[in-house]
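Here is a friendly walk through a structure, written for someone who likes to know the cut-offs behind each term. Have the viewer open and follow along.

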Amino acid sequence: MEKELKVVSVRLVEEQPIMSNTPIQTPIDAVRLLGDKMRLFDREVVCVINLRSDGKPICCNFVSMGAINECIVHPRELLKSAVLTNSVSMLMIHNHPSGTLKPSKEDSMITDRMLKAGELIGIQLVDHIIVGGSNENYFSFREKGLMEFEHFRTKTDYREIEFPEYKVAEVSDEPVQTAPVRRRRGR
């Protein structure tokens, strides 16, 4: 009896674009657009939908594919396509393959970071939506009132800007302690 081992391969396949001229105004609009695709993944996937000023999608970017119950994502990857497509705002959507829609600690943390990072560069995060299971239900951070945060206040007078104090190249009035230098005698 010969030993047999099945060989499988993973290939890159170009898919049809997801088209929509309908503005995304509610979480259900985003779920209708991408939810069916997102629920088919057997692991967590994070996607960003980049939006024009009228709320119409410019594109979507599948930013990260993780494991069955987690996905590593960073603001720089989430913002990359938004900056490159001149988006005014963006929407995050990711799946929970387990079907449980309760956000994890990491889900809340990345939402908070994206709210702050988006405000700094002028691309607003309008919502973070979690889909899963049969795609009949979803969790929207905006609908639950979890998208509020303390907005940055920029200074209007340069004298009010606080810079950290560094003493690397600054002149100090304090005497400098020096150690004697040992010199080797020439050979």
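## A loop residue with positive phi

Asn-86 is exposed, with a relative accessible area of 66%. Here buried means under 20% relative accessible area, exposed means over 50%, and partly exposed lies in between (1.4 Å probe, protein chains only). You will find Asn-86 in the loop between helix 2 and strand 3. Helices (H or I, at least four residues) and strands (E, at least two) are DSSP runs, numbered from the N terminus. The phi of Asn-86 is near 55 degrees, a positive value in a residue other than glycine. For context, most residues other than glycine have a negative phi.

A word on the ground rules: this is a predicted model, in which local features need pLDDT of at least 70 and side-chain atom pairs count only at pLDDT 80 or more, while totals for chains, interfaces and linings use all residues. Residues are numbered from 1 along each chain as its sequence is written, and side-chain values use heavy atoms, with hydrogens and water left out.

## The overall layout

The protein has three helices and five strands, and their order along the sequence is α-β-β-α-β-α-β-β. Of its 187 residues, 31% are buried. The protein exposes about 14,900 Å², and carbon and sulfur atoms supply 51% of that area; accessible areas come from the Shrake-Rupley method with a 1.4 Å probe, and for residues only the protein chains shown count as cover.

How far apart in sequence are the residues that touch? Among contacts between residues at least 6 apart in sequence, 63% join residues at least 24 apart. A contact means heavy atoms within 4.5 Å.

Which residues of helix 2 (residues 75–84) are buried? They are Pro-75, Leu-78, Leu-79, Ser-81 and Ala-82. Seen down the axis of helix 2, these residues fall within an arc of 155 degrees, so they line one face of the helix; the arc is that of the directions from the helix axis to the C-beta atoms. Their packing partners are strand 1 (45–51), strand 2 (57–65), strand 3 (89–96) and helix 3. The face turned away from the buried side carries the exposed residues Arg-76, Lys-80 and Leu-84.

Leaving aside residues up to four places away in sequence, Ala-82 touches Asn-50, Ser-87, Met-90 and Ile-123. Ala-82 and Asn-50 are 32 residues apart in sequence, yet their C-alpha atoms are 5.6 Å apart in space.

## Nonpolar cores

In soluble globular proteins, nonpolar side chains tend to be buried together. A nonpolar core is a set of buried Ala, Val, Leu, Ile, Met, Phe, Trp, Tyr and Cys residues joined through side-chain atoms within 4.5 Å. In this model the largest such core has 21 residues, and those with the most contacts inside it are Val-48, Leu-78, Met-90, Met-92, Met-114 and Leu-125. Strand 1, helix 2, strand 3, helix 3 and strand 4 (124–132) each supply at least two residues of this core. The largest share, four residues, comes from helix 3.

Apart from that core lies another, of 13 residues, among them Ile-24, Ala-30, Leu-51 and Ile-129.

## Surface pairs and a nonpolar patch

Side chains of opposite charge can pair when their charged atoms come close. The structure holds six salt bridges, each a side-chain nitrogen of Lys or Arg within 4 Å of a carboxyl oxygen of Asp or Glu. Three of them can be looked up here:

- Arg-43 pairs with Asp-42, the closest N and O atoms being 3.0 Å apart; Arg-43 is partly exposed at 34%.
- Arg-76 meets Glu-77 at 3.2 Å, N to O; Arg-76 is exposed at 54%, and Glu-77 is partly exposed at 28%.
- Arg-159 meets Asp-157 at 2.9 Å, N to O; Arg-159 is exposed at 63%.

Val-83, Leu-120, Ile-121 and Phe-152 make a nonpolar surface patch of about 400 Å². Patches are made of residues with over 30% relative accessible area and no salt bridge, where like charges are joined within 9 Å and nonpolar side chains (Val, Leu, Ile, Met, Phe, Trp, Tyr) within 5 Å. Ile-121 belongs to helix 3 (residues 105–121) and, at 46% relative accessibility, counts as partly exposed.
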